[in-house]
Amino acid sequence: MKNLLMAVLAALSCQLAHAVEVAGVKFDDQTRVGSGETVVNGAGLRKKAFFKVYAMALYLPAKHGEAEAVLAASGAKRISISLLRDLTAKQFVDALEEGMTNNHSDAEMAALKDRLKQLSDTMLAIGEAKTGTTIVIDWLPDSGTRLTVNGQVKGKDIAGEDFYRALLKIWLGNKPVQDDLKQALLGKAS
């Protein structure tokens, strides 16, 4: 019994040592997304002026240090966001739309328009997100982009991996929402 207890404690301390922490938010070093296993590729902090807005982590089937490789990677993916301040759904949606627009041509945005509206409408129905709210955006190869807020699936899955890649470009595109956050998500945090 003593050996079993020691083994469990060793495993727990090992697991805790590998968890990623950003601004007091702990992200698991690996997680299951749909039927696929993923590992944390990187994690970072979104700031606006001097405000901490959210901590986030990017999960992929395998680690990649270049944005192009992340965008081209196949398999399940996860964006996990923990809010560090209160936001209205409109603020969050406006930021997502701005980030997508900054990283796509007008023609690309036209192709994404209906699916972006679907995601935006789902988020706007939530109304507000308080500090501590967890927003998870998964890519599930069998069904599409899935939005989960505080553990509850919201809306219907959104078809097309191109849509999920477009979301990723908010943080990993040529005009990311924040350069040091892009580097952190790519596992290159300073």
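This is a predicted model: local features need pLDDT of at least 70, side-chain atom pairs count only at pLDDT 80 or more; totals for chains, interfaces and linings use all residues.
Arginine 146 is partly exposed, at a relative accessible area of 27%.

**Entry 1**

**Entry 2: between the two strands**

I then looked at the loop between S10 and S11. Asparagine 150 has its place there. Its phi is near 50 degrees, a positive value in a residue other than glycine. I noted this because most residues other than glycine have a negative phi.

**Entry 3: another positive phi**

Alanine 23 is not a glycine, yet its phi is positive, at about 50 degrees. I placed alanine 23 in the loop between strand S1 (20-22) and strand S2 (25-27). With 37% relative accessibility, alanine 23 counts as partly exposed.

**Entry 4: salt bridges in the whole structure**

How many salt bridges does a search of the whole structure find? I got 13. One of them joins the side chains of lysine 188 and glutamate 66, at 2.9 Å from N to O. Lysine 188 is in the segment after helix H6 (179-185), and glutamate 66 is in the loop between strand S5 (51-60) and helix H2 (67-72), so this pair ties together parts 122 residues apart in sequence. I read off both accessibilities. Lysine 188 has 38% and counts as partly exposed. Glutamate 66 has 43% and also counts as partly exposed.

**Entry 5: a pair within one helix**

I turned to helix H3 (residues 89-102). Lysine 90 and aspartate 94 are four residues apart in this helix, so about one helical turn separates them. Their side chains meet in a salt bridge of 3.0 Å, N to O. Lysine 90 is partly exposed, with a relative accessible area of 49%. The cut-off for exposed is over 50%, so 49% leaves lysine 90 in the partly exposed class. Aspartate 94 has 34% and counts as partly exposed.

**Entry 6: a network**

Which residues are linked with Lys77 in a network of salt bridges? I noted Glu161 and Arg165.

Methods. Residues are numbered from 1 along each chain as its sequence is written. Side-chain values use heavy atoms; hydrogens and water are left out. A salt bridge is a side-chain nitrogen of Lys or Arg within 4 Å of a carboxyl oxygen of Asp or Glu. Buried means under 20% relative accessible area, exposed over 50%, partly exposed in between (1.4 Å probe, protein chains only).
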